[in-house]
Amino acid sequence: MSRFYTNLDELTEKHMRYLGLNVVAIALTFIMLFSCGKIGSKPAVPIDLRIMSFNIEWGGTNISFDNVVEAIRVARADIVGIQEADGNLQRLAVALGWYYDLSNYVISRYPLIDPLGAEGRYVYVEVEPGKIVVIANVHLPSYPYGPEAIRDGATTDDVLAIERSVRLPKIQPYLEVLTPLVESGMPVFITGDFNAPAHTDWVEAMVGSRPFLTRAVDWPVSRAVTAAGFKDSWRVIYPDPVRNPGLTWWAGRPPLDLYTPGENDAHDRIDFVWYEGPATVQSSEIVGEANQADVSISVMPWPSDHRAVVSQFQVMSAPMPPLITTARRVYRMGENVEVYAHGPADTQVIISLIRVDDAQQVLARQPLGSGGHLLFPDHLFTPGEYRVEMGSAENGALSSRGFWVLGAQATPTVDVIGLLFNQNDPIDIRWHNSPANRNDYVMVYRSEASAGNEADGPWAYTNARPDGHLSLNRTTSEYGWPLEPGSYVIRLMKDDSNEQLAESKVFTIQ
């Protein structure tokens with residue numbers, strides 16, 4: 001083990017909190033002090049990794065946030081894909097003394113690196129100095145839910161049409177970007193709450209084994225992931241769904257007044273750890289409430305309506321490709337910008353800081369060795385969009401990464417372009433100064449509705465951009481199109497939660 005990892009482990013959670021440092025910044029500081037250097041000539045050996053998928057339900061605070069933390073600890077996870085973080089991802093990572101990535105909702109005991117082109121669909125995990133695995137983390141739409149449609153009398157064709165229109169288009173972009181990574185020799189993992197069962201579970205032998213499982217169904221999402229070459233870690237270890245159904249939803253957590261699933265809700269296995277590339281699954285376990293079938297790791301009271309799944313792998317990590325990235329995508333005036341670069345061995349690279357505007361002004365250039373960390377001081381920046389680039393005389397341009405700097409006191413805003421719309425007209429929306437979490441979103445509310453009330457219309461994600469625009473229409477909206485005639489506002493909402501960041505002026509649908 002290198003000095004980098006040894007010293008990082010010696011930092012206690014207490015010290016990190018006292019210093020007030022983001023765990024990613026701690027990692028980058030040590031990279032600055034100790035270069036990863038060149039990988040030696042020792043024969044490559046596999047490493048053990050425990051990878052977990054965990055929907056913590058509305059930020060994990062409904063029952064016990066401490067038990068969310070404890071569930072990850074007792075599962076002995078190394079890397080966790082979190083769903084429904086609701087603004088608490090950093091809090092969860094700090095409680096564990098781990099790294100976190102807000103573009104992918106991944107936490108890890110190993111450094112996380114957000115590479116160019118990932119666009120919130122995957123992240124590198126530096127499990128050994130200069131060597132990585134890839135993890136993608138998904139949370140597919142929950143409504144309409146296929147097994148409940150079957151419960152309510154839908155035909156198989158109806159259910160397949162739902163899956164192909166609602167969830168299949170959401171997983172396909174992940175498969176498109178992950179497949180080339182697998183082909184390049186990288187171990188790739190997909191964690192997530194898929195909100196869809198596996199085709200390997202809804203087979204003839206399972207018909208009648210639990211309520212609402214009344215027929216075999218060839219579920220399209222799991223079929224597509226399998227067709228892309230990925231393997232379902234639970235079903236590899238437990239190939240017989242009759243003996244080991246591995247149900248992950250719903251879990252028997254204490255009841256809540258707002259929402260508690262019950263016997264009229266379909267039990268199923270919808271949380272997964274998929275894998276492909278140079279990795280072999282050794283075990284897979286369900287983490288949940290005590291005394292339930294297939295649950296082998298327990299915390300009580302269980303804090304979520306989902307059970308988690310954790311799988312152990314032997315993995316051959318892959319060399320990290322040349323890249324440059326920033327510790328965060330969004331900074332504020334007065335903050336230094338941390339940059340991490342990894343270039344070809346024994347090659348001097350030049351890092352350039354560029355303001356992205358009409359002039360494309362180069363603000364600074366600085367040499368960097370084959371691996372390391374640097375800071376661009378805050379005085380170089382005014383509010384705006386920037387890019388860092390890495391290049392070398394031998395190889396030309398190698399990698400680049402965009403980021404934003406906001407004003408120190410800038411607050412989020414959201415605007416509607418127009419005041420009066422016909423019922424099927426697209427609604428053009430612009431926002432500024434959002435925190436750029438992957439799951440920030442804009443949503444339509446009745447103008448008289450109070451903050452936090454149920455929305456009356458469609459919504460869409462902001463694609464993790466602090467400034468941007470979109471046209472809300474039948475194609476881009478997730479739900480509720482078209483709007484009924486009436487008065488509405490658009491609200492900019494934080495990270496899949498009910499926390500309102502900004503509200504537009506009132507507009508009318510006629």
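I began with Ser 103, which has a relative accessible area of 8%. Buried is under 20%, so I put Ser 103 down as buried. The model is predicted, and I read it as such.

I then checked where Ser 103 sits: the loop between β3 (99-101) and β4 (106-108). I listed its contacts, leaving aside neighbours within four places in sequence, and found Asp 114, Gly 120, Arg 329 and Arg 438. Two of these partners I followed further. The side chain of Ser 103 makes a polar contact of 3.4 Å with that of Asp 114, and one of 3.3 Å with the side chain of Arg 329.

Next I turned to strand β17, residues 337-342. Six of its six residues are buried. I sorted them by face: Val 337, Val 339 and Ala 341 lie on one side, and Glu 338, Tyr 340 and His 342 lie on the other. Both faces are therefore covered.

I looked for a pairing partner of β17 and noted strand β15 (residues 323-326), antiparallel to β17 over four bridges. In this pair Leu 323 stands opposite His 342.

Last, I took helices α7 (residues 156-166) and α8 (residues 168-183). Their axes come within 4 Å and cross at roughly 45°. On the α7 side the contact is made by Glu 163, Arg 164, Ser 165 and Val 166; on the α8 side, by Leu 168, Pro 169 and Lys 170. By class I recorded three nonpolar, one polar and three charged residues in this contact.

Methods: Residues numbered from 1 in each chain as written. Predicted model: local features only at pLDDT ≥ 70, side-chain atom pairs only at ≥ 80, totals over all residues. Heavy atoms only, no water. Buried < 20%, exposed > 50% of the residue type's maximum accessible area, 1.4 Å probe, protein only. Helix = DSSP H or I, 4+ residues; strand = E, 2+ residues; numbered from the N terminus. Pairing = 2+ DSSP bridges. Axes fitted to C-alpha atoms, helices over the stretch in contact; angles between N-to-C directions. Contact = heavy atoms within 4.5 Å. Nonpolar A, V, L, I, M, F, W, Y, C, P; charged D, E, K, R; others polar. Polar contact = N/O pair within 3.5 Å; in protein donor to acceptor, adjacent residues only side chain to side chain.
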